Amino acid sequence: MKSFRDKRRDGRPHQPAKSGPPQPRRTENPSAVKADTRPREPRDVKPDSQPAPKPEPRVLARRDGALPTEHLPVILEVAPNADYALLDSGAGQKLEQYGPYRIVRPEGQAIWQKALPAKDWERADAIFTGDTDEEGIGRWRFPKTPLGETWPMKHDGIDYLGRFTSFRHVGVFPEQASHWDHMAGLIAAAKRPVKVLNLFGYTGLASLVAARAGAEVTHVDASKKAIGWARENQEMAGLGGKPIRWIVDDAVKFAEREERRGSRYDIILFDPPAYGRGPKGEVWQLFEDLPDLTDLCRSILTPKPLAVVLTAYSIRASFFAVHALMRDTFAGMGGTVESGELIIREKSAGRALSTSLFSRWVA
């Protein structure tokens, strides 16, 4: 099964470029807002592949023990900075600054009106239109000068490559910065060796943040292209000597093998898609398969784990759904489950653009 980056996020990808880590801000949000649907790049799926029979599901039973403490709703916010900013949004689009470039992409949740005048939007360096020949430069239009496929970016001092892909995104998902900063803090505070497993890892920024903080990282993604891009990012960031295993594999099957082998991790990140197909025709359906994967993640934790972080894009559900799943799964382990939304704060009018739901268990 591939990493299942089905047609969802515009813009993964996987993470903001920043001159310094933004401080996640928690605010109370009385209503549960549904996640938007955004395309992601399909991962090397052959259209003529025949669906393979699904393996027998894990036998799940509700766990005994007290439920973890809960904290919700939690809104984790990324503010504009020198390397990434949501400049403006509205009328179904967003105007972003990625390093040196201004980029316009579709944004279904921006149902309000643009705050900046048209002349600011017309200064864009790249516009995703979806109407150009896929055999050519992709679905991007460059109003000024044609740009190369990649360009240098930074996140909190980590160099990496931005890339114009034919499915809207550019290899970085700025809203994930709050999770990265939180993870780096846990690794530093542990004052011991920490093993991190990054499932559906994509272009590797989370893995690079964890490795720089001192963790031993296992990064799993079923796309060879994504792993190649992640390796490029590691070298570009000057982190080639850090202990990162780059593994091309189906995330679920890899985790199952780790369970059988007795391999264990202190922190697990997993960011599965809503729907996807694997290289042998395997089908992933989030609502059907997420409970099994969440239970599997618990089973491969060390005796003294630090955290498990779930992010959910492109699902028509409240964060209360993933919150309840995580609390049930981690019953008897203590700690806290905190759930809510990841948002990006707009520079022009200060509006909040919600990007995804999340739930994380912290010991």
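Colleague: Which ring does the charged end of K195 sit over?
Modeller: That would be Y265: the charged end of K195 is 5.2 Å from the centre of the ring. Keep in mind that this is a predicted model.

Colleague: Got it. And what lies over the face of W121?
Modeller: K114 does, at 4.0 Å from the ring centre.

Colleague: How many residues of strand 9 are buried?
Modeller: Four of its five, so strand 9 counts as mostly covered.

Colleague: What comes along the chain around there?
Modeller: In the loop between helix 2 and strand 9 you'll find K191. Its phi is near 55 degrees, which is a positive value in a residue other than glycine. Most residues other than glycine have a negative phi.

Colleague: Is K191 buried or exposed?
Modeller: K191 counts as exposed because its relative accessibility is 75%, and the cut-off for exposed is over 50%.

Colleague: And what is the phi of Y202 near?
Modeller: Phi of Y202 is near 55 degrees, again a positive value in a residue other than glycine. Y202 is in the loop between strand 9 and helix 3.

Colleague: Buried or exposed, that Y202?
Modeller: Buried, with a relative accessible area of 1%.

Colleague: Now helix 3. How many of its residues are buried?
Modeller: Seven of the eight residues in helix 3 (residues 205-212) are buried, so the helix is largely enclosed by the rest of the structure. The buried ones are L205, A206, S207, L208, V209, A210 and A211.

Colleague: What about G214, where is that?
Modeller: Just after helix 3. G214 has a positive phi of about 115 degrees.

Colleague: Let's switch to aromatics. How many aromatic pairs are there?
Modeller: The count comes to 12 aromatic pairs. One of them is F142 with F164, an edge-to-face pair. Their ring centres are 5.3 Å apart, and there are 70 degrees between the planes.

Colleague: What kind of pair do W151 and F164 make?
Modeller: A tilted one, because their planes are at 35 degrees; the ring centres are 4.5 Å apart. W151 is in strand 7, and 13 residues separate W151 from F164, so this pair also links distant parts of the chain. W151 is buried, with a relative accessible area of 3%.

Colleague: Which residues do the ring pairs link into a cluster?
Modeller: Y101, F128, W140, F142, W151 and F164.

Colleague: Strand 6 came up just now. What is the order of the strands in its open sheet?
Modeller: The order is 2-3-4-5-6, five strands with mixed pairing. Strand 2 (84-90) and strand 6 are the edge strands, each pairing on one side only.

Colleague: In which sense do strand 5 and strand 6 pair?
Modeller: Antiparallel, over two bridges; strand 5 is residues 126-128. I127 has R141 in strand 6 as its bridge partner.

Colleague: New topic: at what angle do helix 6 and helix 7 pack?
Modeller: About 40 degrees, with their axes 10 Å apart. Helix 6 covers residues 286-299 and helix 7 covers residues 319-329. The two are therefore oblique to each other, and helix 6 passes helix 7 in a right-handed crossing.

Colleague: Last one. Which peptide bond is cis, with omega near -10 degrees?
Modeller: The bond from L72 to P73. P73 is in strand 1, residues 69-78. Most peptide bonds are trans.

Terms used: Residues are numbered from 1 along each chain as its sequence is written. This is a predicted model: local features need pLDDT of at least 70, side-chain atom pairs count only at pLDDT 80 or more; totals for chains, interfaces and linings use all residues. Side-chain values use heavy atoms; hydrogens and water are left out. Rings of Phe, Tyr and Trp (its six-membered ring) pair if their centres lie within 6.5 Å; planes under 30 degrees apart count as stacked, over 60 as edge-to-face and the rest as tilted. Buried means under 20% relative accessible area, exposed over 50%, partly exposed in between (1.4 Å probe, protein chains only). A charge sits over a ring if NZ of Lys or CZ of Arg is within 6 Å of the ring centre and within 35 degrees of the ring normal. Two strands pair if DSSP finds at least two bridges between them. Axes are lines fitted to C-alpha atoms, for helices over the stretch in contact, and angles run from 0 to 180 degrees between N-to-C directions. Angles under 35 degrees count as roughly parallel, over 145 as roughly antiparallel, 65 to 115 as roughly perpendicular and the rest as oblique. A crossing is left-handed if the near helix is turned anticlockwise from the far one by less than a right angle, and right-handed if clockwise.
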